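Reader: I would like to learn how to read the packing of a helix and of aromatic rings in a model such as this one. Could we look at the structure together?

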Amino acid sequence: MAYLLVKHTVEDFSKWKLGFDDHESTRKENGSKGGMLFRTSEDPNSLVILLEWDNIENARKFSESDELKKKMEELGVITKPDIFFLDKIEDVSF
């Protein structure tokens, strides 16, 4: 499995979340299989997004697109995102 991990801070989580939800079909069309949203306990506007992707190439293409950069600006992303492309190597259970 391929994953895209993004960490950034937004001006207003509620505003950002509406736009993120509206952007779901675009992510899906580009290979996203869904994922999880997290925010830090210290700052509700500091977010970590982990999205499963069909392959790393599509995740990279999507993350580097001008459309996504414009959307992030519109939704109030105020820090440069930290972006990681991850390959799942195993599940760990206890």
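Author: Helices (H or I, at least four residues) and strands (E, at least two) are DSSP runs numbered from the N terminus. This is a predicted model, in which local features need pLDDT of at least 70 and side-chain atom pairs count only at pLDDT 80 or more, while totals for chains, interfaces and linings use all residues. Residues are numbered from 1 along each chain as its sequence is written, and side-chain values use heavy atoms, with hydrogens and water left out.

Reader: Which residues of α3 are buried, and against which elements do they pack?

Author: An α-helix has 3.6 residues a turn, so residues three or four places apart point the same way. In α3 the buried residues are I56, A59, F62 and S63. Seen down the helix axis, these buried residues fall within an arc of 130° (taken from the directions from the axis to the C-beta atoms), so they line one face of α3. They pack against β1, α2 (24–29), β3, α4 and β4 (82–87), contact meaning heavy atoms within 4.5 Å.

Reader: How many aromatic pairs does a search of the whole structure find, and how should I read them?

Author: A pair of aromatic rings is described by the distance of the centres and the angle of the planes. Rings of Phe, Tyr and Trp (its six-membered ring) pair if their centres lie within 6.5 Å, and planes under 30 degrees apart count as stacked, over 60 as edge-to-face and the rest as tilted. The search finds three such pairs. W16 and F20 are stacked, at 4.8 Å centre to centre with 20° between the planes, and both residues are buried. The rings of W53 and F62 have centres 5.2 Å apart and planes at 40°, so this pair is tilted. W53 is buried with a relative accessible area of 0%, and F62 is buried with 7%.

Reader: Where does the charged end of R27 sit?

Author: A charge sits over a ring if NZ of Lys or CZ of Arg is within 6 Å of the ring centre and within 35 degrees of the ring normal. The charged end of R27 sits over the ring of F20, 3.8 Å from its centre, and R39 lies over the face of F13, at 4.3 Å from the ring centre. Ring pairs link F13, W16 and F20 into a cluster.

Notes
Buried < 20%, exposed > 50% of the residue type's maximum accessible area, 1.4 Å probe, protein only.
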